[in-house]
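I opened a new notebook page for this structure. These are my entries, in the order I looked things up.

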Amino acid sequence: MANHKSALKRIRRNEVARIRNKYQHKTTRNAIKKLKETEDKSAAEKLLVDVYSMVDKLAKKNVIHWNKAGNLKSKLTKHVNAMA
């Protein structure tokens, strides 16, 4: 068990950050699934902007690696552009 006040505070802060990161990551994954299931191109393009923002925020906070963020955005863009 932690012996210092600062260590106890760090444990609390880490738990809060872990829960927040988990929530944001899961929300982003759900938005990506929704984008992949969308049939309408105009709706997908609007959703793509939101997903871009979510992915960039995850990368900025180091929840996901910046290369993974770039790969995700690239694949999603190709998916939307390939729609008829």
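How do α1 and α3 lie relative to each other, roughly parallel or roughly perpendicular? I noted the ground rules before answering. This is a predicted model, where local features need pLDDT of at least 70, side-chain atom pairs count only at pLDDT 80 or more, and totals for chains, interfaces and linings use all residues. Residues are numbered from 1 along each chain as its sequence is written, and side-chain values use heavy atoms, with hydrogens and water left out.

**Entry 1: the helix pair**

I looked up helix α1 (residues 5-37) and helix α3 (residues 66-81). Helices here are DSSP runs of H or I, at least four residues, numbered from the N terminus. The two pack at an angle of about 20°, with their axes 10 Å apart. The axes are lines fitted to C-alpha atoms over the stretch in contact, and angles run from 0 to 180 degrees between N-to-C directions. α1 and α3 are therefore roughly parallel to each other; the term covers angles under 35 degrees.

I then listed who makes the contact (heavy atoms within 4.5 Å). From α1 come I32, L35 and K36; from α3 come L72, L76, H79 and V80. By class, I found 5 nonpolar, 1 polar and 1 charged residues in the contact of α1 with α3. Nonpolar means Ala, Val, Leu, Ile, Met, Phe, Trp, Tyr, Cys and Pro; charged means Asp, Glu, Lys and Arg; the others, Gly among them, are polar.

**Entry 2: L47**

I found L47 in helix α2 (residues 41-60). L47 counts as buried because its relative accessibility is 17%. The cut-offs are under 20% relative accessible area for buried, over 50% for exposed, and partly exposed in between (1.4 Å probe, protein chains only). Leaving out residues up to four places away in sequence, L47 touches A31, K34, L35 and T38.

**Entry 3: salt bridges**

How many salt bridges are there? I counted 2, each a side-chain nitrogen of Lys or Arg within 4 Å of a carboxyl oxygen of Asp or Glu.

R18 meets E15 at 2.9 Å, N to O. They are 3 residues apart in helix α1, so about one helical turn separates them. R18 is partly exposed at 44%, and E15 is partly exposed at 37%.

D56 pairs with K73, their closest N and O atoms being 2.8 Å apart. D56 lies in helix α2 and K73 in helix α3, so this pair ties together parts 17 residues apart in sequence.

Note on methods: Parallel < 35°, antiparallel > 145°, perpendicular 65-115°, else oblique.
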